[in-house]
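Here is a short briefing to read alongside the model. Take a look at the structure first, and then walk through the notes below.

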Amino acid sequence: MQGVLQSKGLLSLPSNPRIRAFIPQPSQGLRYRFSPLNPSSKPSNPNGPSLSVNGFSKFQGFVTKPQSIGQRTRNYPIVRAEAAAASGDGQPLFGEKEPSPKFMGIELVTLKKIIPLGLMFFCILFNYTILRDTKDVLVVTAPGSSAEIIPFLKTWVNLPMAIGFMLLYTKLANVLSKQALFYTVILPFIAFFGAFGFVLYPLSNYFHPTALADNLLNVLGPRFLGPLAILRIWSFCLFYVMAELWGSVVISVLFWGFANQITTVDEAKRFYPLFGLGANVALIFSGRTVKYFSQMRQTLAPGVDGWAISLKGMMSIVVGMGFAICFLYWWVNNNVQLPSRSLKKKEKPKMGTMESLKFLVSSKYIRDLATLVVAYGISINLVEVTWKSKLKAQFPTPNEYSAFMGDFSTATGVATFIMMLLSQWIFSKYGWGVAATVTPTVLLLTGVGFFSLILFGGPIAPTLAQFGMTPLLAAVYVGALQNIFSKSAKYSLFDPCKEMAYIPLDEDTKVKGKAAIDVVCNPLGKSGGALIQQFMILSFGSLANSTPYLGGILLVIVLAWLGAARSLDGQFTALRQEEELEKQMERAAVKIPVVSSTDSGNGSLNGESAVNAKGGDASSEPSSPRSV
């Protein structure tokens with residue numbers, strides 16, 4: 001069967017041609033142009049194409065079957081049944097491509113991209129969990145350091161190095177190919193983590209300026225313990241920064257940039273959510289790995305540095321996973337055909353900090369959305385650092401601290417996996433407003449319990465002793481629950497709510513609002529909590545002395561967060577209703593006739609019916625749809 005356009009005979013023009021504007025309907029244009037409205041009606045000229053009064057002919061046999069002797073010529077509407085019958089001999093229709101082979105309903109071409117991407121994402125997240133747990137153990141449990149180092153480390157070391165790295169990455173992106181850029185960025189990470197486990201950590205006692213840090217601490221006082229600890233354990237701080245950059249660079253920039261490069265939009269909609277579930281599976285397995293290596297100390301002889309042995313084992317796995325990522329990237333680039341992209345680029349508004357601030361202030365909707373982002377960043381930092389200081393008091397050795405963090409990562413992965421499965425039900429049953437208030441409510445309830453155990457642990461100590469716990473251990477467990485539930489709620493509910501809030505906005509506000517929040521609110525939320533803690537530590541002498549004030553600040557911020565979520569819910573609902581009303585109006589507008597009828601006798605289209613008002617000279621069958 002050949003799908004071709006056939007034209008037989010001569011075209012006969014109407015006796016009184018008129019110039020008309022033809023406005024095709026997008027949803028029904030193909031149907032009305034190539035198939036009759038009433039297939040049962042007989043054509044006036046079976047050997048040639050019929051011509052409607054508006055001057056447009058309808059060709060017979062756009063999809064035709066071979067004619068046998070004595071068989072009438074007939075029209076074949078473009079419908080599934082006829083198309084299936086026409087292609088029964090295995091040949092594709094006109095304009096169609098041959099179907100590609102499938103496995104379990106998924107094209108093999110797609111599987112060749114999705115499976116390696118899923119494995120890459122698993123390896124990257126597996127490494128990130130190990131590195132995230134290890135960096136906290138190194139900087140918190142090191143001699144002469146504590147959890148008070150974290151706010152200073154994030155502000156004065158991590159942030160400048162992140163900015164410097166992105167500037168360097170931008171320069172390299174202009175001179176290197178995409179593949180060369182990928183290897184140039186990821187290989188230094190792999191080399192550093194391998195060198196740290198086998199060289200830097202075993203020799204750290206020889207190049208850490210411990211004596212200089214002790215002298216400065218005696219001069220400046222204990223309130224400068226955090227800043228001086230950065231100098232004291234500078235190699236551990238470098239590991240901390242590299243672990244943080246692995247999360248922001250390798251995951252956000254390298255992986256998602258590569259995934260967006262090789263996948264189509266339809267593939268992304270179908271498979272990207274599965275990557276989120278796979279990330280939590282990696283979290284569970286990596287947590288068990290950290291737990292296993294942290295317990296190796298129990299099987300070693302006395303006097304052996306168990307943490308050094310554990311660190312070598314975990315860094316070996318990180319290096320092996322890193323080379324696996326490189327291999328998968330190489331395999332995809334050499335065995336998968338990349339989809340073609342449009343050369344047209346969308347212009348994104350480049351907003352500076354002051355322009356972003358002005359835009360944030362001008363829109364109440366964007367202000368409320370910015371409050372959500374900033375409040376989460378500050379709240380999670382206020383609780384997390386205080387919890388880690390109590391965690392060191394309960395588990396002072398690196399192996400004990402690391403073993404607990406392994407259990408913590410596993411529990412976070414399980415909770416997030418379950419919450420992701422429940423999130424769709426929460427959105428469909430309770431809506432955006434309830435989903436947006438789950439995260440601050442969890443933070444508020446668990447935060448109140450955590451700070452209450454710290455501040456009022458003495459009076460309830462006898463009650464806790466009956467359960468075999470001290471106030472410190474109870475605070476550690478409640479703080480762990482707070483971090484587990486708040487992070488799982490953040491990944492499964494808060495992030496989708498934040499992205500959904502942009503959808504009903506007009507295009508200009510949507511693009512500019514997202515740019516403003518990315519420029520101002522994300523860094524402000526991350527560094528705001530650290531700056532508050534630095535001010536408290538320098539003012540009250542230590543993190544423990546400032547705990548009551550941090551609890552009060554957390555309460556105020558979470559209440560402001562809940563108020564902004566409630567306000568944003570009302571605005572979001574109003575915009576959604578307005579959008580639905582516009583869609584209903586657009587659907588109603590589809591029923592407007594394509595060609596208006598006039599007193600000249602020409603027909604008109606109105607939905608599915610055809611009306612011939614007064615007969616006319618264009619057709620011998622005024623009541624037939626052929627006159628349309």
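Threonine 155 is found in helix 4 (helices are DSSP runs of H or I with at least four residues, numbered from the N terminus, as strands are for E runs of at least two). This is a predicted model, in which local features need pLDDT of at least 70 and side-chain atom pairs count only at pLDDT 80 or more, while totals for chains, interfaces and linings use all residues. Residues are numbered from 1 along each chain as its sequence is written, and side-chain values use heavy atoms, with hydrogens and water left out.

**Threonine 155 and its surroundings**

- Threonine 155 counts as buried because its relative accessibility is 10% (buried is under 20% relative accessible area, exposed over 50%, partly exposed in between, with a 1.4 Å probe and protein chains only).
- The side chain of threonine 155 makes a polar contact of 2.8 Å with the side chain of glutamine 534 (a pair of N or O atoms within 3.5 Å; within protein, one must be able to donate a hydrogen and the other to accept it, and residues adjacent in sequence count only if both atoms are side-chain atoms).
- A polar atom of the threonine 155 side chain also lies 3.1 Å from the backbone oxygen of proline 151.
- Leaving aside residues up to four places away in sequence, threonine 155 touches Pro160, Ala530, Leu531 and Gln534 (contact means heavy atoms within 4.5 Å).

- Helix 4 covers residues 149-175, 27 residues in total, and its end-to-end C-alpha reach of 38 Å is close to the expected 39 Å (the expected span is 1.5 Å times one less than the number of residues).
- A kink of about 35 degrees lies at asparagine 158 in helix 4, shortly before proline 160 (the bend is the angle between axes fitted to the seven residues ending at a residue and the seven starting there).
- Buried residues of helix 4 include Phe152, Asn158, Phe165 and Tyr169.
- Helix 18 runs over residues 547-589, with 43 residues and a first-to-last C-alpha reach of 62 Å, close to the 63 Å expected.
- Among the buried residues of helix 18 are Leu550, Leu554, Trp561 and Phe572.

**Salt bridges**

- The count comes to ten salt bridges (a side-chain nitrogen of Lys or Arg within 4 Å of a carboxyl oxygen of Asp or Glu).
- Lysine 135 and glutamate 244 meet in one of them, at 3.2 Å from N to O. This pair links distant parts of the chain, with lysine 135 in helix 3 and glutamate 244 in helix 9, 109 residues apart.
- Arginine 288 forms a salt bridge with aspartate 407, with the closest N and O atoms 2.4 Å apart. Arginine 288 lies in helix 10 and aspartate 407 in helix 14, so the pair ties together parts that are 119 residues apart in sequence.
- Lysine 388 pairs with glutamate 384 in a salt bridge, the closest N and O atoms being 3.7 Å apart. Lysine 388 is buried at 6% relative accessible area, and glutamate 384 is buried at 14%. Salt bridges that share partners join Lys135, Asp136, Glu244, Glu384, Lys388 and Lys487 into one network.

**Nonpolar core**

- The largest nonpolar core has 135 residues, and those with the most contacts inside it are Ile186, Phe189, Phe193, Trp246, Met315 and Trp387 (a core is a set of buried Ala, Val, Leu, Ile, Met, Phe, Trp, Tyr and Cys residues joined through side-chain atoms within 4.5 Å).
- Helix 9 gives the most to this core, with 17 residues.
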